[in-house]
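Keep the sequence and the structure in view.

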Amino acid sequence: MAIRNVREMGEDVLKKNCKEVKEMTPRIRELIDDMLDTMYESSGVGLAAPQVGILKRIVVIDVTGEDPYVLINPKIIEQSGEQTGYEACLSVPGKTGIVTRPNYVKAMAYNEEMQPYEIEATELLARAICHELDHLEGHLYVEKVEGPLRNAEEVEEEME
Ligand code: NI
């Protein structure tokens with residue numbers, strides 16, 4: 001268990017395509033545990049392995065704070081609808097911007113035992129899955145922002 005250093009926009013590791021995980025190993029288990037710790041420590045709802053400098057297709061997501069998902073080699077197999085709203089990223093600290101995403105996604109992934117499973121998601125969880133999977137292809141949400149990238153504090157004040 002350890003908190004890892006979160007890489008920020010501008011670093012090359014965030015622009016690269018990640019490699020599939022072929023088998024579970026003690027090092028990968030440790031990476032996943034550290035990714036969960038790092039996500040919770042930063043109050044994030046998701047984290048992808050390249051954000052801690054590891055180019056592997058691994059994502060952790062928890063939109064409620066008590067229901068973590070580990071997605072290894074994830075793929076979106078169905079999507080529909082649309083949602084438009086503010087999005088943020090631990091690799092782009094202090095910023096937020098409006099992004100349109102599907103409102104429903106169905107994804108297939110492997111868990112920590114490398115057993116395949118499906119996850120169906122709507123709203124924030126669907127948004128988080130899309131956002132984190134983009135990281136595995138070397139993409140950040142800022143490429144999809146509609147309008148300006150804004151200061152997160154300003155937007156929070158407006159919403160109060
Ligand atoms: Ni992100």
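Q: Is K75 buried, partly exposed or exposed?
A: This is a predicted model, where local features need pLDDT of at least 70, side-chain atom pairs count only at pLDDT 80 or more, and totals for chains, interfaces and linings use all residues. Residues are numbered from 1 along each chain as its sequence is written, and side-chain values use heavy atoms, without hydrogens and water. Buried means under 20% relative accessible area, exposed over 50%, partly exposed in between (1.4 Å probe, protein chains only). At 46%, K75 is partly exposed.

Q: Which residue forms a salt bridge with K75?
A: A salt bridge here is a side-chain nitrogen of Lys or Arg within 4 Å of a carboxyl oxygen of Asp or Glu. K75 sits in strand β3 (residues 69-80), and the pair is 55 residues apart in the chain. Strands (E, at least two residues) and helices (H or I, at least four) are DSSP runs, numbered from the N terminus. The closest N and O atoms are 3.5 Å apart, and the partner is E20.

Q: Which residues coordinate the nickel ion?
A: Donors are N, O and S atoms within 2.8 Å of the metal (3.2 Å for Na, K and Ca); water is not among the atoms, so sites may look incomplete. The spacing along the chain is C-x41-H-x3-H. Both H131 and H135 are buried. At 2.0 to 2.2 Å, the coordinating residues are C89 (SG), H131 (NE2) and H135 (NE2).

Q: Which helix holds both H131 and H135?
A: The two lie four residues apart, about one turn of the helix. That helix spans residues 123-136 and is α2.
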